[in-house]
Amino acid sequence: VYENALKNNNIPYYLVKGSGFYHCQEVLDIYNILQHIERGDSDIYLAGVLRSPFAGLMDETLYRLSKNGDGMQRISKGFYNETDFRDYQSDERDKILNARELFTKWKGIKDRLTIAELIEVVLADTGYLAAIISTFQGEQKAANIKKLIEMTRKFELEGNAAIRDFI
């Protein structure tokens with residue numbers, strides 16, 4: 001309530017979060033990407049990424065990816081298997097094709113990189129930090145991403161290397 005009131009009145013503020021760190025949208029966005037790269041078995045993670053600044057698809061586009069003439073199907077099926085995007089808006093079509101290309105790349109390199117390196121590749125490939133830095137509390141969001149990467153490095157130094165375990 002306080003955060004919304006300050007935000008609505010354009011009053012700068014700094015929010016200190018404890019365990020809420022893992023519920024910050026930017027952390028959840030990375031979580032969704034890692035989940036989909038590692039597991040790829042849940043459309044909820046893919047939808048979260050496609051709707052986030054990583055891909056920026058509209059809800060209508062997600063809906064269209066999830067259906068066909070015979071009824072509902074998985075978003076991932078439409079995302080990965082559909083080849084004819086003529087009926088989509090050109091910018092949405094470009095976003096789909098770009099996201100699909102990136103996920104294919106990330107899935108192909110995930111076992112050759114550390115988790116921190118994979119996150120850094122994702123950030124570099126998408127320009128995500130540049131997208132969030134210009135938003136409200138952008139510097140804090142970027143700091144949260146950097147904190148997540150440092151946590152990842154610490155996790156790896158403790159002898160853990162599996163994305164699944166980090167997730």
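**Close-up views of helix packing and salt bridges**

**View 1. Helices α6 and α7 are roughly antiparallel to each other, because angles over 145 degrees count as such.** This is a predicted model, in which local features need pLDDT of at least 70, side-chain atom pairs count only at pLDDT 80 or more, and totals for chains, interfaces and linings use all residues. Residues are numbered from 1 along each chain as its sequence is written, and side-chain values use heavy atoms, without hydrogens and water. The axes of α6 (residues 90-109) and α7 (residues 115-126) come within 11 Å and cross at roughly 160°. Axes are lines fitted to C-alpha atoms, for helices over the stretch in contact, with angles from 0 to 180 degrees between N-to-C directions. Helices are DSSP runs (H or I, at least four residues) numbered from the N terminus.

**View 2. Residues of α6 meet residues of α7.** Leu102, Lys105, Trp106 and Ile109 in α6 are in contact (heavy atoms within 4.5 Å) with Leu118, Val121, Val122, Asp125 and Thr126 in α7. The contact of α6 with α7 comprises, by class, six nonpolar, one polar and two charged residues. Here Ala, Val, Leu, Ile, Met, Phe, Trp, Tyr, Cys and Pro count as nonpolar, Asp, Glu, Lys and Arg as charged, and the others, Gly among them, as polar.

View 3. A salt bridge is a side-chain nitrogen of Lys or Arg within 4 Å of a carboxyl oxygen of Asp or Glu; the whole structure has nine.

**View 4. Arg153 and Glu120 link distant parts of the chain.** Their side chains meet in a salt bridge, 2.4 Å from N to O. Arg153 belongs to helix α9 (residues 138-157) and Glu120 to helix α7, 33 residues apart. Arg153 is partly exposed, with 30% relative accessibility, and Glu120 is partly exposed, with 32%.

**View 5. Salt bridges that share partners join Glu38, Lys110, Asp111 and Arg164 into one network.** Within this group, Lys110 pairs with Asp111, their closest N and O atoms lying 3.3 Å apart. Lys110 counts as buried at 17% relative accessibility, while Asp111 counts as exposed (over 50%) at 68%.

Terms used. Helices (H or I, at least four residues) and strands (E, at least two) are DSSP runs, numbered from the N terminus. Angles under 35 degrees count as roughly parallel, over 145 as roughly antiparallel, 65 to 115 as roughly perpendicular and the rest as oblique. Buried means under 20% relative accessible area, exposed over 50%, partly exposed in between (1.4 Å probe, protein chains only).
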